[in-house]
Amino acid sequence: MSQQFDVLVIGGGPGGYIAAIRASQLGFSAACAESNPYADPKGEPRLGGTCLNVGCIPSKALLHTSHLFEEAGHSFEAQGIKVGKATIDVPVMKARKDGVVNQLTGGIKMLLKKNKVDAFHGSARIAGVGKVDVKGADGKTQTLEAKSIVIATGSDVAR
């Protein structure tokens, strides 16, 4: 027997997980299916889509550190701040970026749980009217039923 929801969102990125949470807040039973291959440090699949896992957010974290490095090397002295020669510790820089991503994806997981949204990890495909098949990383497929299906799959790079 398949699980049934009022609203099923395909896509767990910034549009998808927010749509699922809002549906739940409005009183609908809601679920979110995400296919991204990203995992947290424990190996658990995570939501947030490309933007949060490998795109916008990690890039901005690295850019922020790079801007600080630039300021320390070129702008501080003009402000009367003396710090010596600035150097970059790339492993620490990457660890900070990973920490930002882990904190934010963990927050999404908590928000879904708090708002009673079920998360499904795997590749989702509309199988018919009100039916979505979600194929997990283990190769097993489960069928979900929903009165409404929201497609929020985001974007991908042009090949």
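Reply: Start at the hairpin of S4 and S5, which has two residues between its strands and where Gly130 takes a positive phi near 70 degrees. This is a predicted model, in which local features need pLDDT of at least 70 and side-chain atom pairs count only at pLDDT 80 or more, while totals for chains, interfaces and linings use all residues. Residues are numbered from 1 along each chain as its sequence is written, and side-chain values use heavy atoms, with hydrogens and water left out.

The labels S and H refer to strands (E, at least two residues) and helices (H or I, at least four residues), which are DSSP runs numbered from the N terminus. Two strands pair if DSSP finds at least two bridges between them. S4 and S5 have five bridges and pair in the antiparallel sense. One of the residue pairs is Gly128 with its bridge partner Lys131 in S5.

Strand S5 (residues 131-135) is also joined by five bridges to strand S6 (residues 141-151), and these two run antiparallel. Val132 has Leu144 in S6 as its bridge partner, and the partner of Lys135 in S6 is Thr141. The hairpin of S5 and S6 has five residues between the strands, and in it Gly139 takes a positive phi near 90 degrees.

On to the next pairing: S6 runs parallel to S1, with seven bridges joining the two. Here Val7 stands opposite Ser148 in S6.

What is the order of the strands in the open sheet? The order is S3-S2-S1-S6-S5-S4; the sheet has six strands and mixed pairing. Strand S3 (117-121) and strand S4 (123-128) each have a single partner strand and stand at the edges, so one side of each has no neighbour in the sheet. From one strand to the next, the twist averages 45 degrees. Helix H1 (residues 14-25) packs on this sheet, touching strand S1 (3-10), S2 and S3, and its direction makes about 170 degrees with that of S2. For such angles, axes are lines fitted to C-alpha atoms, for helices over the stretch in contact, and the values run from 0 to 180 degrees between N-to-C directions. Touching, or contact, means heavy atoms within 4.5 Å.

Now the charged side chains. A salt bridge is a side-chain nitrogen of Lys or Arg within 4 Å of a carboxyl oxygen of Asp or Glu, and by this rule there are four salt bridges. One of them joins Asp6 and Lys147, at 3.2 Å from N to O. Asp6 is in strand S1 and Lys147 in strand S6, so this pair ties together parts that are 141 residues apart in sequence.

Is Asp6 buried or exposed? Buried means under 20% relative accessible area, exposed over 50%, and partly exposed in between (1.4 Å probe, protein chains only). Asp6 counts as buried because its relative accessibility is 19%, whereas Lys147 has a relative accessible area of 72% and is exposed. Leaving aside neighbours within four places in sequence, the contacts of Asp6 are Gly27, Phe28, Ser29, Ala146, Lys147 and Ser148.

Arg125 forms it with Asp133, their closest N and O atoms being 3.3 Å apart. With a relative accessible area of 15%, Asp133 is buried. The side chains of Lys97 and Asp98 also meet in a salt bridge, at 2.7 Å from N to O. Lys97 is buried at 17% relative accessible area, and Asp98 is partly exposed at 36%.

Asp40 gives a contrasting case. Asp40 is buried yet has no salt bridge, and the nearest side chain of opposite charge, Lys109, is 4.5 Å away. In this count Lys and Arg are positive and Asp and Glu negative, while His and the chain ends are not counted. Asp40 lies in the loop between strand S2 (30-34) and helix H2 (49-53). The side chain of Asp40 reaches the backbone nitrogen of Lys42 at 2.9 Å. Not counting residues up to four places away in sequence, Asp40 touches Arg46, Asn102 and Lys109.

Technical notes: A polar contact is a pair of N or O atoms within 3.5 Å; within protein, one must be able to donate a hydrogen and the other to accept it, and residues adjacent in sequence count only if both atoms are side-chain atoms.
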